[in-house]
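Please keep the sequence and the 3D view open as you read.

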Amino acid sequence: DIVDSNGTPFSIGNLAVTSPVTGSELQAGGSFTIKWDAASVQNIKIEYSLDNGGTWNTIVSSIAASLGEYSWNVPSTAYSTQAVIRITSVEDPTFS
């Protein structure tokens, strides 16, 4: 299982992951719908970390921010109690 450790929901600027929330358990090898709110952003990149942000793995390199959700097939090898998900602007990667 992947357990996120982000805020409920967390927000930085005009991007906010709304699901998963703190304490969510994602089944390794299963699927999970990642949801977000985004304003003034065209496209986002979605990444996950299994070590509380020490290293990042790309889930999707670019998706329209206006979609608001993405169905993710959680890797079967993804097990961590320190997993986090982040979204960043593709146009301005410093904006997350």
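## Ser89 and strand 9

Ser89 is found in strand 9, where strands (E, at least two residues) and helices (H or I, at least four) are DSSP runs numbered from the N terminus. Is Ser89 buried or exposed? Ser89 has a relative accessible area of 5%, so it counts as buried; the cut-offs are under 20% for buried, over 50% for exposed and partly exposed in between, with a 1.4 Å probe and protein chains only. The side chain of Ser89 makes a polar contact with the backbone nitrogen of Glu91, at 3.3 Å. Such a contact is a pair of N or O atoms within 3.5 Å; within protein, one must be able to donate a hydrogen and the other to accept it, and residues adjacent in sequence count only if both atoms are side-chain atoms.

Strand 9 spans residues 80-89 and is mostly covered, with 7 of its 10 residues buried. This is a predicted model, in which local features need pLDDT of at least 70 and side-chain atom pairs count only at pLDDT 80 or more, while totals for chains, interfaces and linings use all residues. Residues are numbered from 1 along each chain as its sequence is written, and side-chain values use heavy atoms, with hydrogens and water left out.

## The overall picture

The protein has 9 strands and 0 helices, so to speak a run of β-β-β-β-β-β-β-β-β from the N terminus on. Of its 96 residues, 36% count as buried. The protein exposes about 5,000 Å², and carbon and sulfur atoms supply 45% of that area; accessible areas come from the Shrake-Rupley method with a 1.4 Å probe, and for residues only the protein chains shown count as cover.

What share of the contacts with a separation of 6 or more comes from residues 24 or more positions apart? In this protein the share is 62%, with contact meaning heavy atoms within 4.5 Å.

## How the strands pair

Two strands pair if DSSP finds at least two bridges between them. Strand 6 and strand 9 pair in the antiparallel sense over 6 bridges, and Glu47 has Arg86 of strand 9 as its bridge partner.

Strand 5 takes part in two antiparallel pairings, with strand 3 over 4 bridges and with strand 8 over 5 bridges.

## An aromatic pair

The model holds 1 aromatic pair. Tyr48 and Trp72 form this pair, which is tilted, at 5.0 Å centre to centre with 45 degrees between the planes. Rings of Phe, Tyr and Trp (its six-membered ring) pair if their centres lie within 6.5 Å; planes under 30 degrees apart count as stacked, over 60 as edge-to-face and the rest as tilted.

The pair links distant parts of the chain, with Tyr48 in strand 6 (residues 43-49) and Trp72 in strand 8 (residues 69-73), 24 residues apart. Tyr48 counts as buried because its relative accessibility is 11%, and Trp72 counts as buried at 6%.

## Backbone details in the loops

Most residues other than glycine have a negative phi, and most peptide bonds are trans. Ser40, not a glycine, has a positive phi of about 65 degrees; it lies in the loop between strand 5 and strand 6 and is exposed, at 76% relative accessible area. Asn52 has a positive phi of about 60 degrees and sits in the loop between strand 6 and strand 7.

Which bond joins Ser19 and Pro20? A cis peptide bond does, with omega about 15 degrees. Pro20 is found in the loop between strand 3 and strand 4.

## Asn73 in strand 8

Asn73 lies in strand 8 and is exposed, with a relative accessible area of 60%. Leaving aside its neighbours within four places in sequence, Asn73 is in contact with Gly30 and Ser31. The C-alpha atoms of Asn73 and Gly29 are separated by 6.7 Å, though the two are 44 residues apart along the chain.
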